[in-house]
Amino acid sequence: MRTFSAIAGSALFLVAAPGVVAGLIPWLLTDHYRMPLSMVPGFVPLGWILVIGAAGILLHAFARFALEGLGTPAPVAPTEKLVVGGIYRHVRNPMYVAVLSIILGQVLIFSSWAVFVYGLIAAAAMISFVKVYEEPTLARRYGAEYETYRRAVPGWLPRITPWRG
């Protein structure tokens, strides 16, 4: 895939998947973000730190797919190469971790039980998708290279030092 196509495809998928999961659905659950802000001391700034930090990580991860992998995160247009650089040296699933962190940030900002329950459902769906579809697909596509990476880099809780591969 050409770089421009990979960037355009990744941008489209960013809007269609994380945009809906971490943006549209919480927006609907919080009455278009019109719920009152949390009254718990520290929750609102902590929530914003999570949302902004995770959004940066999400954008970085999408860029790695397009520029390093020459593909997209969408299963219909996968990468040509296994993406193991940047944030992927710390955690195998930075996009999912970032999306869940954005949702958690919104839970804190609004003290919303609806968004919290939605986040638990989203986490269960993501973990199941990774186990049932992504990991077996990556193992078939990239073989020993993926298995080495999978053994060295945790899936959900980032390692402190980057994997050197």
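The lining of the second largest pocket divides into nine nonpolar residues, two polar and no charged. Here Ala, Val, Leu, Ile, Met, Phe, Trp, Tyr, Cys and Pro count as nonpolar, Asp, Glu, Lys and Arg as charged, and the others, Gly among them, as polar. Please keep in mind that this is a predicted model, where local features need pLDDT of at least 70 and side-chain atom pairs count only at pLDDT 80 or more, while totals for chains, interfaces and linings use all residues. Residues are numbered from 1 along each chain as its sequence is written, and side-chain values use heavy atoms, with hydrogens and water left out.

Let us stay with this pocket for a moment. A pocket is an open set of points on a 1 Å grid over the protein atoms alone, where a 1.4 Å probe fits, with protein on both sides within 12 Å along at least five of seven lines; lining residues have an atom within 4 Å of a point. The second largest pocket has a volume of about 170 Å³, the space filled by probe spheres set on the points, which are joined across faces, edges and corners. Among its lining residues are Val-97, Leu-100, Phe-116 and Gly-119. Helix 4 gives the largest share of this lining, six residues; helices are DSSP runs (H or I, at least four residues) numbered from the N terminus.

Now for the largest pocket, with about 830 Å³ of space. Its lining has 36 residues, and Phe-65, Pro-73, Tyr-96, Phe-129 and Glu-134 lie nearest the centre. Helix 5 supplies the largest share, 13 residues. By type, the lining of the largest pocket holds 29 nonpolar, four polar and three charged residues.

Two loop residues are worth a visit. Thr-72 lies in the loop between helix 3 and helix 4. Why does Thr-72 count as buried? Because its relative accessibility is 3%, and buried means under 20% relative accessible area (1.4 Å probe, protein chains only). The side chain of Thr-72 reaches the backbone oxygen of Ala-77 at 2.8 Å, and a polar atom of that side chain lies 3.1 Å from the backbone nitrogen of Ala-74.

Ser-112 sits in the loop between helix 4 and helix 5, and Ser-112 counts as buried because its relative accessibility is 3%. Its side chain reaches the backbone nitrogen of Val-115 at 3.1 Å. Ser-112 and Ser-38 are 74 residues apart in sequence, yet 8.4 Å apart in space, C-alpha to C-alpha.

Definitions and conventions:
Buried means under 20% relative accessible area, exposed over 50%, partly exposed in between (1.4 Å probe, protein chains only). A polar contact is a pair of N or O atoms within 3.5 Å; within protein, one must be able to donate a hydrogen and the other to accept it, and residues adjacent in sequence count only if both atoms are side-chain atoms.
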